[in-house]
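Have it open beside you as you read.

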Amino acid sequence: MHEAGLAPYACDPQQSRGRRYPEEPAPTRTPYQRDRDRIVHSTAFRRLVYKTQVFLNHEGDLFRTRLTHSIEVAQLGRSIARSLRLNEDLVEAICLAHDLGHTPFGHAGQDQLHACMAEHGGFEHNLQSLRVVDRLERRYPQFDGLNLCFETREGILKHCSATHARVLEVDEPGGVGARFLLRQQPSLEAQLCNLSDEIAYNAHDIDDGVRSGLLTLEQLQAIPLFETRRQQALAEYPALAAAGSQHRLLYETIRRMLSAQVYDVIDATRQALQDHCPGHVSEVRTMPVLVRFSSEMHDQSQALKRFLFAHLYRHPQVVQTTDSARQVVRELFAAYTQQPQAMKPVFLQRWAEANTASERARVVADFIAGMTDRFAVKEHERLTGQRLLG
Ligand code: MG
């Protein structure tokens, strides 16, 4: 029997492919609700509050962090899931966990850690998110990690190269790596989290970008996704044109942008579901991606992404902090490689148990990846005597 109200193509917790270590069901919660709760109570989740999204954590109190970003992604995901009769609890669990593997300092930190790990298999944040929930959290007596359901883990591993997928396959045949080798899709819930992530950061990066002074409302008028909604807002509330109402105008425009994208995804996905008629999640896997924008909205969203890339993520002021962030990560990696005893005892122990140079490097990468921005800055200062950020 499918959970009440769920569409036949939704993930049903009663038909979950289960956990790697079998557990008794919880008396009051479905397996996906339990996954969500485990994620919220994890150490990695609490660290997200001090991790950079775009602006470094110390640059202002009101900018998005990985935590507030993840909550916004979950909010959008749940709203859309409800309209499409997908499993809201699974969507929430995946959305809240989707960035757990991010390093300190956003993409700058990840790029640098990847460079440090070049000879040891590299570093990739989606794989790292899976490592966090599969291994690095240590809070249960029976197993490492959070022992989440297959469907939650599948959603967390959003991207994976064929090389990494083959490694995952050795450890877990037919598991979360398999679809990257079979070229199949994940559940609709997982597809929805990817799109919710995109909708969330496109919107909140405009907000943070304008509030930081790096983007202007004038620049954004070249972006149709933004400008159409700004014009609508002004037509309905002409008083928003006043100089003192710039923030309200910005928020009203972003609110309309979010709504337009959410409704577009719901309509376009409903159409795709009608065209492809999946009767079960197993059929979803061999179909094209069904949770989608209309082609017009897709183009508009891509145009906004390109704009943000050129004018915000590559803004000289952002790039300057990026260089310092990379230096912190690079020098931390070198310092722990030379003096592993400078790491926390649990990592030092893993380091001592490691058999190869690559395994030892992975321990160092895990330690650095888990750090908050400010802890990384403090550790860097402790080990090098130099204060680089904040
Ligand atoms: Mg994200």
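1. On the cut-offs: buried is under 20% relative accessible area, exposed is over 50%, and partly exposed is in between, with a 1.4 Å probe and protein chains only. F309 and Y313 are four residues apart in α15, which puts about one helical turn between them.

2. A word on the basis before going further. This is a predicted model, so local features need pLDDT of at least 70 and side-chain atom pairs count only at pLDDT 80 or more, while totals for chains, interfaces and linings use all residues. Residues are numbered from 1 along each chain as its sequence is written, and side-chain values use heavy atoms, with hydrogens and water left out.

3. How many aromatic pairs does the structure hold? There are six. Rings of Phe, Tyr and Trp (its six-membered ring) pair if their centres lie within 6.5 Å; planes under 30 degrees apart are stacked, over 60 edge-to-face, and the rest tilted. One of the six is F309 with Y313: the ring centres are 6.3 Å apart and the planes sit at 85 degrees, so it is edge-to-face.

4. Y336 and F367 also make an edge-to-face pair, with centres 5.1 Å apart and planes at 65 degrees. Y336 belongs to helix α16 (residues 316–338) and F367 to helix α18 (residues 357–370), so this contact ties together parts 31 residues apart in sequence. Y336 is buried at 0% relative accessible area, and F367 is buried at 6%. Ring pairs join Y336 and F367 with F347 and F375 in a cluster.

5. Two arginines have their charged ends over rings: R17 over F150, 3.8 Å from the ring centre, and R360 over W351, at 5.8 Å. The criterion is NZ of Lys or CZ of Arg within 6 Å of the ring centre and within 35 degrees of the ring normal.

6. Now the metal. The magnesium ion is coordinated by H69 (NE2), H98 (NE2), D99 (OD) and D197 (OD), at 2.2 to 2.7 Å. Donors are N, O and S atoms within 2.8 Å of the metal (3.2 Å for Na, K and Ca), and because water is not among the atoms, sites may look incomplete. Along the chain the donor spacing reads H-x28-H-D-x97-D. D99 is in the loop between α4 (88–97) and α5 (106–116), whereas D197 is in helix α10 (residues 188–211), so the pair links parts 98 residues apart in sequence. D99 is buried at 4%, and D197 is buried at 6%.

How values were computed: Helix = DSSP H or I, 4+ residues; strand = E, 2+ residues; numbered from the N terminus.
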